Amino acid sequence: MKKRIMLLIIVVLVGAGGFFFWHSNQKTTIEVPSIDEGVKNMMTSKPEDFLLTFGRSNEEIQNRRSLLKTFIQQKLMKDGNIITNYLPNEEQQNVATGHDLLSESAGLYLLDLAAKDTKGRFDVFYKRTVDTFYDGTQFSYRVTDKGVKYDVNASLDDLRIFRALIIAKANFDTTDYDEDIQDFTEKFIQHSTNDGLLIDFYDVKNDEKSQEISLFYLDYRTLSYLYQLHDIDAKYLQYQVNIAKNGYISDEFPLYHQRYSYKSEKYLDGDNINIIESLLTIRYLAEIGEADPNSLEFVKEHVAKGTLFNAYDLNGNPVDKNQSAASYAIAALIGYFTNDDELYTQALSVLENFQTMDATNVLYGGIGDPLTKEVYSFNNLMALLAYGL
């Protein structure tokens with residue numbers, strides 16, 4: 001009798017375990033009304049589709065780009081990595097400052113090297129990036145100036161690194177990066193998505209996933225490559241395109257909410273709308289032909305007037321009238337992806353005003369405050385990409 005009871009218990013436990021294993025490996029069921037033709041066409045595993053066409057910038061811009069790249073290499077490099085700020089900051093804060101390192105900076109610089117430089121220089125910086133940021137599972141979003149890796153990634157930063165590898169594969173006509181692309185992205189899909197839907201971050205120490213996605217993290221082109229590589233249906237990509245498009249605030253204020261909660265199915269914002277975040281959302285939508293015309297008109301109007309302020313309330317009133325070079329660099333990229341040469345040219349015209357062109361200043365060629373010497377790597381790297389088109 002006892003044997004029969006024990007056998008029954010074992011059968012139940014095995015059955016329950018099998019059920020939970022089966023259940024835990026099921027994809028989240030999502031429904032989309034239809035898959036746009038643009039999304040279907042974007043589902044490609046061709047690395048050459050990531051190559052950009054150059055030649056929009058003139059000789060003066062190319063000279064500025066050369067000075068900027070020299071500044072980055074000479075003043076923002078430390079031990080082969082790009083530091084967050086030119087000036088050191090000894091205080092530990094919640095955001096990266098001073099000579100902390102960000103995978104964001106590494107990814108942006110890799111994008112430039114992959115598209116505009118040599119394979120040798122790309123490989124050197126790429127190896128340094130892996131050695132510095134990769135923890136065996138993902139790229140830590142931040143490493144302190146003491147070499148301590150943070151336990152979380154930022155999924156957009158990882159996607160930038162993957163895109164750089166894909167561009168390098170195509171531009172240098174090589175299979176050297178295939179194994180890394182396969183390995184890194186397989187782990188990325190496992191940890192930085194919820195059943196294929198991109199999330200903000202994964203905490204490797206606590207094995208915890210974010211339940212939200214920042215709209216400006218949604219790089220659809222790179223996601224489409226990963227989905228093709230790992231056999232994920234196009235409807236997952238369409239679902240995320242819809243998330244971003246439905247995050248449009250209003251025709252009166254045609255920017256975008258910051259984040260979307262998969263759990264509550266609601267859009268979330270901080271106290272204000274950050275212009276760079278909304279511009280990045282528009283930039284990735286523009287790349288796939290899905291940017292709202294009102295958003296594009298907003299960008300074009302404010303670039304022409306030089307009024308892309310850093311932050312707005314939800315009614316569209318500026319609450320921080322400071323401006324960032326990165327905003328105009330991203331606006332230039334939007335101009336590129338929408339084939340709007342006027343927007344591209346106007347954005348670069350404003351961007352030039354942020355660059356230090358006094359050869360006697362220590363910031364010569366760089367983008368920062370020539371008086372306080374306050375310099376942010378993000379501004380410089382985004383400008384480098386914009387100047388390079």
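The model examined here is predicted.

E342 forms a salt bridge with K300. The closest N and O atoms of E342 and K300 are 3.0 Å apart. E342 belongs to helix α13 (residues 341–351) and K300 to helix α11 (residues 293–305), so the pair ties together parts that are 42 residues apart in sequence. K300 is also partly exposed, because its relative accessibility is 21%.

The whole structure holds 22 salt bridges. Side chains of opposite charge can pair when their charged atoms come close. One of the salt bridges joins the side chains of D176 and K119, at 2.8 Å from N to O. This pair links distant parts of the chain. D176 sits in the loop between α6 (155–171) and α7 (178–191). K119 is in helix α5 (residues 119–133), and the two residues are 57 residues apart. K119 is partly exposed, with a relative accessible area of 26%.

A further salt bridge lies within a single helix. The side chains of R283 and E287 meet at 2.9 Å, N to O. Both residues lie in helix α10 (residues 275–287). They are 4 residues apart, about one turn of the helix. An α-helix has 3.6 residues a turn, so residues three or four places apart point the same way. R283 is buried, and E287 is buried too. Salt bridges also form a network, which links R65, K69, D112, D117 and R121.

Charge also meets an aromatic ring. The charged end of K116 sits over the ring of F54. The distance from that charged end to the ring centre is 4.1 Å.

In one of them, the rings of F139 and F184 have their centres 5.2 Å apart and their planes at 80°, so the pair is edge-to-face. F139 and F184 come from distant parts of the chain, 45 residues apart. F139 is in the loop between α5 and β4 (142–143), whereas F184 is in helix α7. Both residues are buried. Y260 and Y267 form a tilted aromatic pair. Their ring centres are 5.0 Å apart, with 55° between the planes. Y260 is buried, with a relative accessible area of 8%. Y267 counts as partly exposed, at 25% relative accessibility. A separate grouping brings F122, Y126, F172 and Y177 into one aromatic cluster.

Helix α8 (residues 220–229) is largely enclosed by the rest of the structure, because 8 of its 10 residues are buried. The buried residues are Y220, R221, T222, L223, S224, Y225, L226 and Y227. After α8 comes D231, whose phi is positive, near 55°.

Strands β12, β13 and β14 make up an open sheet of 3 strands, in the order β12-β13-β14. The pairing is antiparallel. The edge strands are β12 (273–274) and β14 (318–323), and each pairs on one side only. Strand β12 is joined to β13 (residues 309–312) by 2 bridges. At this pairing, N274 stands opposite A311 in β13. Strands β13 and β14 pair over 3 bridges, again in the antiparallel sense. Here F309 stands opposite Q323 in β14. The two strands β13 and β14 form a hairpin, with 5 residues between them. G316 lies in the turn and has a positive phi of about 90°. In a regular strand the side chains alternate between the two faces of the sheet.

Note on methods: Residues numbered from 1 in each chain as written. Predicted model: local features only at pLDDT ≥ 70, side-chain atom pairs only at ≥ 80, totals over all residues. Heavy atoms only, no water. Salt bridge = Lys/Arg side-chain N within 4 Å of Asp/Glu carboxyl O. Buried < 20%, exposed > 50% of the residue type's maximum accessible area, 1.4 Å probe, protein only. Pairing = 2+ DSSP bridges. Phe/Tyr/Trp six-rings, centres within 6.5 Å; stacked < 30°, edge-to-face > 60°. Lys NZ or Arg CZ within 6 Å of the ring centre and 35° of its normal.
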